[in-house]
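I opened the model today and kept notes as I went. The entries follow the order in which I looked things up.

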Amino acid sequence: MAAHRKPRQRSLGGQTARTAFTLALAGAATATAFDGTGQAEPNLTPVQVKAKVAKLYQEAEEATEKYNGAREKATAAEQRLESLRDEAARKEEKLNTARETLGSMAAAQYRSTGLDPAVQLALSDDPDRYLDGAAFAERAGDRQSAAVTRVRRQLREIEQLRGAARVELTSLKTRQAELRTHKKTITGKLDAARRLLNRLTAADRSRIGEGTSGGTASGRASRSSADGRDGLQAPGSATATATDRAPNSRAADAVSYAYSKLGSPYVWGATGPNAFDCSGLVLASYRSAGVSLPRTTYAQIGAGQRVSRSELLPGDLVFFYSGITHVGLYIGDGQMIHAPNPSAPVRVAPIDEMPFAGATRVV
């Protein structure tokens with residue numbers, strides 16, 4: 001019977017209780033650490049928040065340029081796929097016409113001498129299989145043989161088009177998957193920046209030069225920030241000075257357009273007319289001047305003649321960071337117009353505010 005007795009429960013006391021309490025606190029601390037940025041880093045100063053937010057914006061912009069590139073490729077793949085499908089449909093229509101002609105020939109031949117084997121194979125559900133037998137073509141008359149040859153060629157062309165369309169469809173699906181991945185990265189970075197900024201008071205945000213929104217998941221932001229009004233309104237003399245110093249009329253037109261968009265909100269993936277990301281702004285500026293630019297910063301830097309920093313003229317594209325992830329439009333006197341990030345609208349800023357990576361003169 002003693003072996004079946006229930007062991008007596010021991011109460012927690014002394015050192016055992018203290019150990020359990022310590023473990024509980026450690027567990028709570030661990031849970032808190034994984035509960036998000038706001039809980040894991042409770043003592044960040046406004047300056048530290050600004051640095052973290054700037055890094056998040058830079059990473060979001062890098063993902064934005066990858067998104068823009070993937071979207072450009074997806075659009076091209078979609079257009080190629082549509083073109084291939086249209087061409088295949090036209091060839092199928094021609095094939096049907098050719099087979100109808102063979103059908104008429106077959107009917108006439110059947111009434112007179114019986115159905116020729118070559119015509120038989122062309123009208124079958126799988127004519128290409130029958131056409132592999134050279135004996136059939138040899139037994140057909142000249143006219144029928146030519147018609148059968150055309151059918152065979154058309155069948156092969158259609159199959160080639162269908163194969164190319166399958167390749168383009170695969171490419172399109174790949175690009176669409178890339179778009180989803182980059183979009184998730186962008187929204188994640190912007191949401192993290194917003195959470196960090198929301199921990200600061202309005203006064204702190206103003207002191208570090210950040211807007212009140214901090215960006216949103218959709219990339220929209222207010223048109224101005226508390227301390228960001230400078231650089232949003234350009235006097236007519238400033239615009240005239242920049243355009244007068246531009247190397248040609250198209251560069252001057254691009255600069256004039258950029259000036260007209262001061263204060264427009266930053267929206268990732270946007271190319272105007274009411275919102276822009278960085279590469280979208282320079283693309284739209286030169287588009288207004290009749291010049292076509294690539295969509296991404298990576299491609300834009302190779303779209304013209306490279307110039308040194310000492311040679312910069314209004315209208316030149318200026319690029320920043322080692323990964324070429326940001327671009328602005330130079331307007332002279334060490335200044336540019338650019339779309340900075342979701343917490344700041346299109347504005348005038350010094351090119352020294354970011355690591356300079358190179359410049360290109362488009363025209």
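Is tyrosine 321 buried or exposed? I looked it up in this predicted model. Tyrosine 321 is buried, because its relative accessible area is 18% and the cut-off for buried is under 20%.

**Entry: the loop between S2 and S3**

I stayed with tyrosine 321 and placed it in the loop between S2 and strand S3 (326-332). Then I read its backbone. Tyrosine 321 has a positive phi of about 70°, although it is not a glycine. Most residues other than glycine have a negative phi, which is what made me stop here.

I found isoleucine 324 in the loop between S2 and S3 as well. Its phi is near 55°, again a positive value in a residue other than glycine. I also checked its cover. Isoleucine 324 counts as buried, at 16% relative accessibility.

**Entry: the chain as a whole**

I stepped back for the totals. I counted 12 helices and six strands in the chain. There are 363 residues, and 42% of them count as buried. The chain exposes about 19700 Å². Carbon and sulfur atoms supply 50% of that area.

I also looked at how far apart in sequence the contacting residues are.

**Entry: H9 against H10**

Next I took a helix pair. Helix H9 covers residues 236-245, and helix H10 covers residues 249-260. Their axes come within 8 Å and cross at roughly 155°. An angle over 145 degrees counts as roughly antiparallel, so H9 is roughly antiparallel to H10. I noted the crossing as right-handed.

Which residues make the contact between H9 and H10? From H9 I listed Ala238, Thr239, Ala242 and Thr243. From H10 I listed Ala252, Val255, Ser256 and Tyr259. I sorted the contact by class and got five nonpolar, three polar and no charged residues.

**Entry: H10 against H11**

I followed H10 to its other partner in my notes, H11. The axes of H10 and H11 come within 7 Å and cross at roughly 125°. That makes H10 oblique to H11. H10 passes H11 in a right-handed crossing.

I listed the residues that meet. H10 brings Arg250, Ala251, Ala254, Tyr257 and Ala258. H11 brings Ala284, Ser285 and Tyr286. By class I have six nonpolar, one polar and one charged.

**Entry: how enclosed is H11?**

How many of the 10 residues of helix H11 (residues 278-287) are buried? I got nine, so H11 is largely enclosed by the rest of the structure. The buried set includes Cys278, Gly280, Leu281, Val282 and Leu283.

I checked the loop between H10 and H11, where proline 273 lies. The peptide bond from glycine 272 to proline 273 is cis, with omega near 5°. Most peptide bonds are trans, so I marked this one.

I looked up isoleucine 208 first. I found it in the loop between helix H8 (202-207) and H9. Isoleucine 208 is buried, with a relative accessible area of 8%. What is isoleucine 208 in contact with, leaving aside its neighbours within four places in sequence? I listed Pro46, Val47, Lys50, Leu197 and Leu200. Its C-alpha atom is separated by 9.0 Å from that of valine 49, which is 159 residues away along the chain.

Then I took leucine 313, in the loop between strand S1 (305-307) and strand S2 (317-320). Leucine 313 is partly exposed, with a relative accessible area of 30%. Beyond its neighbours within four places in sequence, leucine 313 is in contact with Arg245, Pro247, Tyr330 and Arg361. I also took the C-alpha separation from leucine 313 to leucine 329, and it is 9.8 Å.

Serine 171 is partly exposed, with a relative accessible area of 22%. The C-alpha atoms of serine 171 and alanine 77 are separated by 6.7 Å. Along the chain these two are 94 residues apart.

Technical notes:
Residues numbered from 1 in each chain as written. Predicted model: local features only at pLDDT ≥ 70, side-chain atom pairs only at ≥ 80, totals over all residues. Heavy atoms only, no water. Axes fitted to C-alpha atoms, helices over the stretch in contact; angles between N-to-C directions. Helix = DSSP H or I, 4+ residues; strand = E, 2+ residues; numbered from the N terminus. Parallel < 35°, antiparallel > 145°, perpendicular 65-115°, else oblique. Left-handed = near helix turned anticlockwise from the far one by under 90°. Contact = heavy atoms within 4.5 Å. Nonpolar A, V, L, I, M, F, W, Y, C, P; charged D, E, K, R; others polar. Buried < 20%, exposed > 50% of the residue type's maximum accessible area, 1.4 Å probe, protein only. Areas by Shrake-Rupley, 256 points an atom, 1.4 Å probe, with all protein chains shown as cover.
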